[in-house]
Number of protein chains: 2
Amino acid sequence: MNENEKVTIYDISERLNISAATVSRALNNNPKISLKTKELVIKTAKEMNYIQNRLAQSLKSGKTFNVGVIVPYINRNFFSSVIRGIEEELSPRGYHVIICQTHEKFENEVRNIDALLNTQIDGIFISISKTTKDNGHIQKVLNSKTPLIFFDRKQDSPVFSSVTIDDFNGAYLATEHLINQGCRKIVHFKGDSNLEIYTKRYEGYEAALKKYNLPIKKKFIIPVDSTVEAGQLAVSQLWKLKEKPDAIFSAGDYSALGAIQELKKLGVKIPSEVCVIGFSNEPFTQHMELGISSVDQTPLEMGKIAAQVFLEQLLGDKKLTIQKKVVLAPELYIRDSSNKSQVETSKRKVRI
Amino acid sequence: MNENEKVTIYDISERLNISAATVSRALNNNPKISLKTKELVIKTAKEMNYIQNRLAQSLKSGKTFNVGVIVPYINRNFFSSVIRGIEEELSPRGYHVIICQTHEKFENEVRNIDALLNTQIDGIFISISKTTKDNGHIQKVLNSKTPLIFFDRKQDSPVFSSVTIDDFNGAYLATEHLINQGCRKIVHFKGDSNLEIYTKRYEGYEAALKKYNLPIKKKFIIPVDSTVEAGQLAVSQLWKLKEKPDAIFSAGDYSALGAIQELKKLGVKIPSEVCVIGFSNEPFTQHMELGISSVDQTPLEMGKIAAQVFLEQLLGDKKLTIQKKVVLAPELYIRDSSNKSQVETSKRKVRI
DNA sequence: AATTTTAATGCAATCGATTGTACTTTATTG
DNA sequence: CAATAAAGTACAATCGATTGCATTAAAATT
């Protein structure tokens, strides 16, 4: 009774003395098959514990209903949230999400792209690594006619779509907010210049200073990795200078946290003496006793929209010329670390 | 020159006037093929931008080199870290990880299992949802002869392997630590009783109290979801009692955080008046000004070991009787929230 | 040069589902 | 009741790679 091997439509067809074609059509609810047959087939399939082999189906149809997502690390809150967004949008449509990590290494990115193309995924979502230089691997994707969507960390591309936030504006508003708090000597912790997101954030910072006629000082623009340690180190060095800053706009939350820790150690009052604002709105920023102001990148939404762009692309003309650049509005969360006016703001959020 | 369609081994065989079988063998480095031919084929394949179709290969071999991971939410630090561990262990062996979310809903879990079996994955890793009741879906996996590994939140199963931490002992040690701090009236925030991890934690708490001859009071055992709000609420209600607790052992970090926030609001000193310890060692617990003590579940290691168990299973006898139960040791991180002695402990960790 | 080994390669079936086309029923119509 | 239309099924090719077995070509042996 209990078949030992996997049940196929051939097993069903044999049992019912009909052709496999009929079984297939019956299971796919093809109108050419009589109701009687359909019901019989479906009932028998259930009885025999038939499980459709999507592999064979995919081979035939050329569609796998799998998409690949490439990120530096999946356990970084921002990335896992984007992935969640993608999954939630695509899962109801029958897609599965395959995840790949690059560990910020270009070589892994290339390897992952190759592997995904191999697996015949229907699309790729990618946030490039810090060390990604050329775009040969992206070119390969283009050749294979596979849709690809950049999110957050993109490469300039005349053909591929992207979903990002307006990093320039996020940074501009963060800086402007600091200026509004009365800060005049604002330090910027700058992220890796290889990534557009960080150069944009830097430009937004600069633009805000210019707008308010504040001088742009080289010594106040410091390359800082987004780690607690880097933030601590940066502050400890900054506070050896004669001219002390009165605010820090960090391109990352972890370095903002490190800065705050070091400032406390130095006995500097926050926000009265120095205001601090980060970027990413990591969960911990709101849980601190002294909440850290930050710019939210709306990762969940970013994932969902990236998925939508992908789906649109599929429907549209097969030519990959339907390139689309979505830029989301970042959200400024003002918390204690930059709020001198001490209004109740722990939950105040400024939608830009 | 530039083929419009995908290149297959047939295209290569045509171009070289050899059979597809030879091409296949050449690409697979079969010893029966002459070096000359091999080199020629490989060179031509590269020229023609040949990409192997793993779908066809999988159909033939019955192995997809895909595994599925089912979790409640992928953007919960614990789960994304386990997934990271799984990915890092399996990726070098050519496997891909497909992720599925249940949103803590049983129906989604069933759906996900079905979908994964459909896709012909080579294995499933699952952490069951809070609402999972029966195990019909797990039975289906058994019928399909697909290896399945439970991690963290498991179901009792005589056939499937699992990788968990010793929740009982983690809870026992956390409670013992509180007792060692001089606490005598210890509250327990208990998680959903449907999950073994939480009943085990409760039992560990109870055992520690018994060991030290402390009374077990029903009113001090409170069902609390692991959210900040639930933690706040629980404390605000507890502190209406005549007899105030002097410690809280929470089965989750978020509720521990909520408790701390509420205690501060009530003007209760931590840790001098009340000690608090959580569970999970979420990243934010160490970043707080007042670090929150917690029990680490070593998620990365859990993922890696789960992957190893899966690989072992593949090598072993095809019969699924090679069931293996791995129990990892939790790690106690003692921080300010429960450390009255005020020794430098921000990084002290007790390996059990 | 003839024959036996050995090395290379080709043929054809297979994995499981889908689908255009051909064929056989059954129903409809004059 | 024969002829035609409509409905229901079956045949066989296809997707792309793999592999046991047969076959051919080359090398070694006598």
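**Conventions.** I took this as a predicted model, in which local features need pLDDT of at least 70 and side-chain atom pairs count only at pLDDT 80 or more, while totals for chains, interfaces and linings use all residues. I number residues from 1 along each chain as its sequence is written, with chains lettered from A and ligands numbered from 1 in the order in which they are written.

**Entry 1, the two copies.** I looked up how chain A relates to chain B, and found that chain A can be laid on chain B with an RMSD of 0.1 Å by a turn of 180° and a shift of 0.0 Å along the axis (superposition is by least squares on the C-alpha atoms of residues with pLDDT of at least 70 in both copies). This is the relation of a two-fold axis. In chain A, the C-alpha of Ile98(A) is the nearest to that axis, at 2.2 Å. I then noted that 100% of the contact residues of chain A recur in chain B, the same surface serving both copies (two residues are in contact if their C-beta atoms, placed from the backbone, lie within 7 Å).

**Entry 2, the contact between the chains.** I recorded 37 residues from chain A and 37 residues from chain B in the contact. On the side of chain A that touches chain B, at least two residues each come from α4, α5 (77-90), β2 (96-101), α6 and α12 (283-287) of chain A (helices are DSSP runs of H or I of at least four residues and strands are runs of E of at least two, numbered from the N terminus). The element that gives the most to this side is α5(A), with six residues. By class, I find 16 nonpolar, 17 polar and four charged residues on the side of chain A that touches chain B (Ala, Val, Leu, Ile, Met, Phe, Trp, Tyr, Cys and Pro count as nonpolar, Asp, Glu, Lys and Arg as charged, and the others, Gly among them, as polar).

The classes near DNA strand C are ten nonpolar, ten polar and five charged.

I looked at α2(A) and helix α3 (residues 35-47) of chain A, whose axes come within 9 Å and cross at roughly 90° (axes are lines fitted to C-alpha atoms, for helices over the stretch in contact, and angles run from 0 to 180 degrees between N-to-C directions). That makes α2(A) roughly perpendicular to α3(A) (65 to 115 degrees counts as roughly perpendicular, under 35 as roughly parallel, over 145 as roughly antiparallel and the rest as oblique). In the contact, Thr22(A), Val23(A), Ala26(A) and Leu27(A) of α2(A) meet Thr37(A), Lys38(A), Val41(A), Ile42(A) and Ala45(A) of α3(A), and these residues divide into six nonpolar, two polar and one charged.

Most residues other than glycine have a negative phi, and most peptide bonds are trans. I found a cis peptide bond from Ile270(A) to Pro271(A), with omega near 5°, and placed Pro271(A) in the loop between α11 (253-265) and β9 (275-277) of chain A. The bond from Ile270(B) to Pro271(B) is also cis, with omega near 5°. I also noted that His103(B), although not a glycine, has a positive phi of about 55°, and that His103(B) lies in the loop between β2 (96-101) and α6 (106-118) of chain B.
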